[in-house]
Amino acid sequence: METKNVMIVGVGGQGSLLASKLLGRLLVDEGFDVKVSEVHGMSQRGGSVVTYVRFGDKVYSPVIEDGEADFIVSFEKIEAARYTQILKENGVVIVNTQQIDPMPVIIGATTYPENILDEMREKGINVDAIDALSLAQEAGSAKACNIVLMGRLAKYFDIDREKWLCAIEKCVKPQFVELNKKAFELGYNF
Amino acid sequence: MKQLLIGNAAVARGLYEAGCSLISSYPGTPSTEITEEFAKFDDAYCEWAPNEKVAMETAFGAALRGKRSACCMKHVGLNVAADPLFTMSYTGVNAGMVICVADDPGMHSSQNEQDSRHYAIAAKIPMLEPSDSQESLEFAKIAYEISEHFDTPVLLKMCTRVAHSQSIVETSERQYVEKPYEKNPQKYIMAPANAIRRHPFVEERTKALIEYAESSPLNRIEEGDGFHNFGIITSSTSYQYVKEVFGDSVSVLKLGMVNPLPVNLIKDFAAKVNQVYVIEELDPIIENHCKAFGIHVIGKDKFSILGEFSQKSIAKALDLEDKFSRSLDTEIPVRPPMMCAGCPHRGMYYVLAKNKITVLGDIGCYTLGAAPPLNALDMTLCMGASVSGIHGFNTAGGEECEKKTVCVIGDSTFMHSGITGLVNIAYNGSNSTVIILDNSITGMTGHQQNPTTGYNIKGDPAGKVNLEDLCHSIGINSVRVVDPYNLAECEQAVKEELEKCEPSVIISRRPCVLLKYVKPKKPLWVNAEKCKSCKRCMKFGCPAISFRDNHAVVDPTLCIGCGVCQQLCAFDAFESEGE
């Protein structure tokens, strides 16, 4: 199987770590060779965060480069747009419609490009926009945005839904399993 | 058992399986998780030391006594520990000792891009360099064998991509190793008479290590299928990029041991191909080695000396076709890292920026005070340099300079290498004002305990340095503590201490808002009727405050109710819930 590439992007503190942990766990259990790469440190302080997840028969590079991503899963609107060049021609962008102003916008040095998803669609990009924050709140916690988005991603995967739910059980604390399963279902069925 | 581990966790597992009994480290991205993961094992000792030199000497002591040990640091930490490193090369070890050092090509979280391989060469110490998590685990174990067999500490070099990438590893059981301790002054007392006798041993050891490098499975040739007639010499994460681009279509000499380098192995490899490319991140170490032995290779002429590589950069350097890619017309605003909402550093920085104070900075979260809108810093060099530097700055600048210059340093960084600078200030009567930004944790690297927090790496109560007493005992008479959430108090303290004709220390004390025991207050909200759109609050740079529909708004998911913005606003527009 040709290596598949999923790029998870967001803002430091949004919980992309759990999303990549869940995905990594699932893919290892499915018998794939897997590499997950992220950069810790400075980027945690409210900056852009990027995680690469690659899986297939044999994966070498831990990073995803221009034109290689099958999926971009974005926790925030402009973070999806920031990495458009990474996407394959027929790649899919799953994006949480939440807007988080970066510091240059906050201090008025620049403006937030509100209609960026439309521009992406005009460029022929397959954009699957979802209000993950509201769905996460419906599931019981705003923090479950990450799992809502994983539920959405699961729609595009050839992996049994039960196996995703099983991976959730392995990755989150017991008291949060039900909440996260609900978040997953809301994303999946959106 | 098969599991996904980041390279650093795999190193920790490898050290553990090899019977490592002690790790002493100072945190530093991207090396921190090795020590944090090792601390999870209950049958081994693990600690945070005040700095890398102390850590390395502690680990040396354990190896001398007969237990396998390790210390871990980032590349610039090895500068701090260079003193013991060079002489440990002469003493060698008793039980094995591994020094894990993590480079940061691309400078994701570092102040420079230095290549640690230079240290291995200069100190004549073997260095292994894994390319994924499984190798990280295995190489950590092999490092101990090399250490004990060749009587040398061994460097295990990580880089950001190997340290922080997860790949599949298989783990095994822990073994136990212990060597008897015997007094041996000729070997362990490095006074001139003994050191003169040890130096020839080091040179002989290097020859033996080169022999080992020629045939060790750490260095291997992967024959290509003949599609390309050139060959590639590579190591570390670059190897993964090479395989990503070429698969089996090219012959590869993959080096797992990067010091000392083999000679005949490289010559044999070069003889089998038409052209040799050396693909290594940062400096041309392998390339220059090849050239010194008359082997024609192409390296930095094609592959950058700057930053990280990737499959794309390698393909591009070799003129392979670009993949399909598209970009948007709209420019996307950058999202730089910043101090958190409620960060205690921000209040002090606001006061310093408002009063146009020159601020010599240091290494930590508070380096982010350099960013707009505060633009509070004038200098950041290395750990501790703020405290040493201000003395030189003020001595050169004279009285006028002394009255408008401070330095800022965090609690952990002050423990690391700020104390000696403060000793110099007190000893030489420098009229300097030092601000210790005490947020009661090592913040930037992800919340590690340090000697001022009162807890050890396992979270158990531990010795606690009292900063006030320490400063007094050094000879600083003017020491005062302020709350950075209180702007008036901070401003008064800064003005008064700058006026004094003596050295002084201001401890700006409030714990990091991300600490679990810090309970956030209810978020504030902006009363739009009171807000006069003056934008004074926007100069504060709090990520929870933004400007919409011509007045300030507070993001309730970010605001922790610190209340500093209430002190800033002349119109009392920031209100607490219920008001």
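This section describes the confidence, domains, nonpolar cores and salt bridges of a predicted model. The model has an ipTM of 0.95 and a pTM of 0.96. For chain B the mean pLDDT is 96, and 100% of its residues score at least 70.

Chain B is assigned four domains, namely domain 1 (2–215), domain 2 (219–324), domain 3 (344–509) and domain 4 (525–575). A distance of 55 Å separates the C-alpha centres of domain 2 and domain 4 of chain B.

The largest nonpolar core comprises 72 residues, within which Tyr349(B), Leu352(B), Leu422(B) and Phe574(B) touch the most other members. Domain 3 and domain 4 of chain B each contribute at least three residues to this core. Leaving aside residues up to four places away in sequence, the contacts of Leu422(B) include Val387(B), Phe414(B), Cys471(B) and Val505(B). A second, separate core has 46 residues, among them Phe55(A), Ile147(A), Ala154(A) and Phe184(A).

Over all chains, 50 salt bridges were counted. In chain A, Asp29(A) pairs with Arg25(A) at 3.5 Å, N to O; the two are about one helical turn apart because they lie four residues from each other in helix H1 (residues 16–29). Asp118(A) and Arg121(A) likewise form a salt bridge, at 3.6 Å, N to O, and their spacing of three residues in helix H4 (residues 116–122) of chain A again corresponds to about one helical turn.

In chain B, Lys354(B) and Glu491(B) form a salt bridge at 3.1 Å, N to O. This pair joins helix H15 (residues 344–354) to helix H19 (residues 487–499), across 137 residues. Lys354(B) is partly exposed at 47% relative accessibility, whereas Glu491(B) is buried at 14%. A network of salt bridges links Glu135(B), Arg220(B), Glu222(B), Lys243(B), Asp248(B) and Lys254(B).

Key
Residues are numbered from 1 along each chain as its sequence is written. Chains are lettered from A and ligands numbered from 1 in the order in which they are written. This is a predicted model: local features need pLDDT of at least 70, side-chain atom pairs count only at pLDDT 80 or more; totals for chains, interfaces and linings use all residues. Side-chain values use heavy atoms; hydrogens and water are left out. pLDDT is the predictor's confidence in each residue, from 0 to 100. Domain bounds come from an automatic or database domain assignment. A nonpolar core is a set of buried Ala, Val, Leu, Ile, Met, Phe, Trp, Tyr and Cys residues joined through side-chain atoms within 4.5 Å. Buried means under 20% relative accessible area, exposed over 50%, partly exposed in between (1.4 Å probe, protein chains only). Contact means heavy atoms within 4.5 Å. A salt bridge is a side-chain nitrogen of Lys or Arg within 4 Å of a carboxyl oxygen of Asp or Glu.
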